[in-house]
Amino acid sequence: MKLLLRALFLSLSLCLLPFAASEIQLGSKLVVGEENASWVSKNGDFALGFFNVPDLPNRFSVGIRFNSQSIPSDQRRVVWVAGAGVSVSDNASYFELSPDGDLVLFDYSLGVPVWTSKTNRFSVQSVSSALLGDDGNLVLLNGKEEIVWESFDTPADTLLPNQKLKAFEMLRAASESSRSSYYSLHMVGSGRLELRWESNITFWSSSNQEAVKYKNISAVLTPEGALLVSHQDITKPVWSVFGEDHNDKVKFRFLRLDRDGNLRMYSFHESSRSWRTVWQAVENQCRVFATCGSQVCSFNGSGDSQCTCPYNTFASKCVTPYQKLSCKSSFRMVTFENMELYGIYPANDSVVSPISSLRCKKMCLEDDSCTAVTYKNDVEKPQCLIKLTRYVSGYSDPSLSSVSYVKTCLNPVAVDPSKREVVGTVTKKSHSVCLSCLLGVTSTTFVLFLAFQVGVIVYVYKRKKKEAVKRAERVRNPKGVVVFSVDEIKEMTNDFEDNIGPKMFKGVMSENELVLVKEIEGALTEERKFRSSAAKIGTMHHKNLAKLEGYCCERGKRFLVYEYAKNGSLLDHHAKNLTWRRRNDVCLSVAKALFYLHSECREFVSHGSLSLGNILIGEEFEAKLTEYGFGSCAADKDVEDFGKMVLALVTGGYEEEWVYREWIEGRGETVVDRSLESGFDVEELERVLRISFWCVQVDERLRPSMGEVVKVLEGTLCVDPPPPPFGCVKSSPSNSSGSGQSLYESVRE
């Protein structure tokens with residue numbers, strides 16, 4: 001009888017276990033380091049839990065991975081990560097479905113949540129439980145078992161079967177060494193999939209021309225092994241591609257944007273118990289833009305791609321060897337056959353065509369800014385691609401007919417130390433010399449000299465050791481940014497000697513790297529929040545965001561250390577040295593930076609305090625945004641600040657209501673900054689003023705998104721004249737009259 005009851009109890013336990021493991025109750029928590037800390041799907045194929053971040057020891061992310069017993073433990077790939085690149089320490093950090101219905105990833109060492117699902121903004125009873133589905137989708141459910149939130153709507157770098165990538169959504173490749181990847185996959189509104197590098201270089205697309213007339217487009221990976229771009233109301237896909245094992249009996253598949261920038265479809269094969277690539281977007285890996293960074297891609301004897309540096313004999317690191325400032329004498333062009341080179345930081349090669357090889361090489365020799373050129377004669381008209389940056393990537397293969405020429409300095413060597421000779425002369429003297437005195441003086445001098453040398457060696461050794469420790473700490477820093485003390489900031493800036501703007505100082509780091517140090521108001525940012533924000537900002541990359549090298553947060557002081565900008569802040573230049581073209585470019589660059597923060601980061605990031613003073617101007621007058629990520633506001637606040645910044649930049653600071661009245665009454669030319677000497681473009685002025693006044697509307701519901709602002713400034717989206725933006729009473733957008741009734745006039749892509 002006892003045996004029968006025990007068997008019955010065991011069978012009931014086995015029946016209840018999957019349900020208990022897959023349904024997640026409010027208050028459930030996973031803690032880093034706890035044994036068997038995971039939430040498992042009902043069929044056991046997927047599990048959610050903590051995993052160690054590659055390249056970052058003692059850092060953990062939480063995510064969903066394959067969990068089937070048929071897949072070896074080392075092959076259980078991660079398919080979704082909360083907050084994508086967000087990680088926590090191993091000191092009691094946890095992931096929780098909070099009692100108020102919010103998924104929370106909490107970093108114990110920082111004392112703050114680093115990611116949330118933001119579902120507690122609904123009513124307290126809205127979320128009643130969570131469920132990890134058999135398809136790998138984590139969902140939050142309300143009391144009616146309706147889905148409130150799902151992980152399928154926030155993909156990281158992977159799509160599972162039946163998971164959709166909707167229009168204007170994207171995948172981003174996994175971070176590497178705490179740095180966000182430059183590679184992303186976009187489902188654009190015209191119905192194409194596009195692989196991009198740094199958001200503005202498209203190097204592959206699904207090349208679908210039919211989908212431009214459709215809306216509600218999405219991409220989906222089917223369980224049978226096909227990648228489709230389809231419309232929800234049309235049965236036939238508008239674009240499709242199939243894996244090698246399409247329609248084969250395969251249980252597990254996924255689509256992933258890999259770290260090397262290529263998009264691949266994977267299938268798990270039971271026979272080999274391993275994942276196999278069954279399709280990839282770019283067949284030739286060396287054709288993935290900047291897949292080798294600033295090195296050159298080629299293929300080895302086994303047919304695998306490899307990255308090498310062709311300049312090793314000329315430079316200590318893999319950048320083109322020519323530097324305008326350090327090249328004191330003549331230079332020459334070194335030839336690399338069968339090689340294509342292209343600039344990546346920035347990616348702005350200029351093209352001259354048609355042209356001869358000799359003329360192409362000569363143009364670089366005659367241009368002080370040119371670092372290398374590539375001559376391509378396999379096109380209809382021979383081309384010369386001119387590079388003005390030392391950061392160059394490329395592709396080398398015997399099948400290429402392209403030839404690259406790299407500029408190299410020929411600095412002379414004054415003396416070869418290995419061949420230095422010492423020549424002495426002996427003079428005979430008639431008078432006697434005190435040998436004991438001479439020996440005494442010589443011995444004393446030798447001892448003093450030896451002591452001096454030892455002192456110098458000890459000093460140099462300690463200094464180098466100190467610098468090495470600093471460099472090692474910088475490399476080991478899991479957040480990707482350096483944490484400085486106030487004393488180090490003072491040393492870096494020579495006690496704030498070189499002031500180059502409002503609370504901005506020129507500094508030099510230990511590696512002789514120029515930086516810009518900016519002091520911000522300590523009372524405005526709580527310490528834990530400041531540190532958390534700085535750590536997150538250190539992983540962001542965009543050409544119009546100033547790179548955060550480090551920060552200081554002690555003694556009530558707050559300092560941010562950014563990459564150096566030669567021309568200071570926009571506040572120093574908005575009334576001088578900036579032509580209309582440069583001002584217009586600044587507006588577009590800042591708009592793109594804000595669009596990146598709002599829409600292209602893993603989660604929404606606001607600026608919060610945009611002004612002329614926190615926009616830096618580089619050597620080529622390119623705009624770079626600072627102090628981003630420390631504010632806490634809605635997107636429409638950034639949009640309003642952007643509109644005010646643009647109006648100040650264009651007009652030189654005139655009162656906004658007067659500017660609007662002058663413009664709306666047809667006297668727009670009178671509002672332009674009078675310090676402009678080279679004139680302005682009337683059409684661009686009209687475009688800039690229209691979108692600026694939409695941005696500063698009192699009713700925030702009328703304000704455009706930053707993505708729409710970018711399109712207007714680029715000229716691909718037209719807008720109606722806005723209604724008066726100034727007033728105390730908000731009006732409903734649907735009831736507004738006249739020209740303010742519609743924001744958009746037409747869209748041209």
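## Exercises on strands, helices and a buried cysteine

In this predicted model, β11 and β12 form a hairpin with five residues between them, and Gly 136 in the turn has a positive phi of about 90°.

**Exercise 1.** Work out how strand β12 is paired on either side, and find whether its residues are buried or exposed.

*Solution.* 
Step 1. Strand β11 (residues 129-132) pairs with β12 in the antiparallel sense, over four bridges. Within this pair, Leu 131 has Val 139 of β12 as its bridge partner.

Step 2. Go on to the next strand. β13 (residues 147-150) also pairs with β12, in the antiparallel sense and over three bridges. Here the bridge partner of Val 139 is Glu 150. This hairpin too has five residues between its strands, and Glu 145 takes a positive phi near 60° in it.

Step 3. Sort the side chains by face. In a regular strand the side chains alternate between the two faces of the sheet. In β12 (residues 138-141), Leu 138 and Leu 140 lie on one side, Val 139 and Leu 141 on the other. These four are all buried, so both faces of β12 are covered.

**Exercise 2.** Six strands form an open sheet. Give the order of the strands and say which stand at the edges.

*Solution.* 
Step 1. Read the order across the sheet: β35-β39-β40-β38-β37-β36, with mixed pairing.

Step 2. Look at the two ends. β35 (482-484) and β36 (499-501) each have a single partner strand, so one side of each is left without a neighbour in the sheet. The twist from one strand to the next averages 30°.

Step 3. β35 pairs with β39 (residues 548-554) in the parallel sense, over three bridges. Phe 484 stands opposite Cys 552 in β39.

Step 4. α5 (residues 527-537) lies across β35, β38 (514-520), β39 and β40 (557-563), and runs at about 170° to β39.

**Exercise 3.** Describe how helices α6 and α10 pack, and find which residues of α10 are buried.

*Solution.* 
Step 1. Two packed helices are described by the angle between their axes and the distance between the axes. For α6 (residues 580-600) and α10 (residues 706-714) the angle is about 155° and the axes are 8 Å apart.

Step 2. Classify the angle. Since angles over 145 degrees count as roughly antiparallel, α6 is roughly antiparallel to α10. The crossing is left-handed.

Step 3. Inspect the contact. From α6 come residues including Leu 588, Ala 591, Leu 594 and Phe 595; from α10, among them, Met 706, Val 709, Val 710 and Leu 713. The residues of the contact divide into nine nonpolar, two polar and two charged.

Step 4. List the buried residues of α10: Met 706, Gly 707, Val 709, Val 710, Val 712 and Leu 713. What covers them includes α6, α7 (635-651), α9 (682-695) and β43 (717-719). Just after α10, Gly 715 takes a positive phi of about 90°.

**Exercise 4.** Where is Cys 297 placed, and is Cys 297 buried or exposed?

*Solution.* 
Step 1. Cys 297 sits in strand β26 (residues 296-299).

Step 2. The relative accessible area of Cys 297 is 1%. Buried means under 20%, so Cys 297 is buried.

Step 3. Check the surroundings. Cys 286 is eleven residues from Cys 297 along the chain, and their C-alpha atoms are separated by 5.4 Å. Leaving aside neighbours within four places in sequence, the contacts of Cys 297 include Cys 286, Cys 292, Gln 306 and Tyr 395.

How values were computed: Residues numbered from 1 in each chain as written. Predicted model: local features only at pLDDT ≥ 70, side-chain atom pairs only at ≥ 80, totals over all residues. Heavy atoms only, no water. Pairing = 2+ DSSP bridges. Helix = DSSP H or I, 4+ residues; strand = E, 2+ residues; numbered from the N terminus. Axes fitted to C-alpha atoms, helices over the stretch in contact; angles between N-to-C directions. Contact = heavy atoms within 4.5 Å. Buried < 20%, exposed > 50% of the residue type's maximum accessible area, 1.4 Å probe, protein only. Parallel < 35°, antiparallel > 145°, perpendicular 65-115°, else oblique. Left-handed = near helix turned anticlockwise from the far one by under 90°. Nonpolar A, V, L, I, M, F, W, Y, C, P; charged D, E, K, R; others polar.
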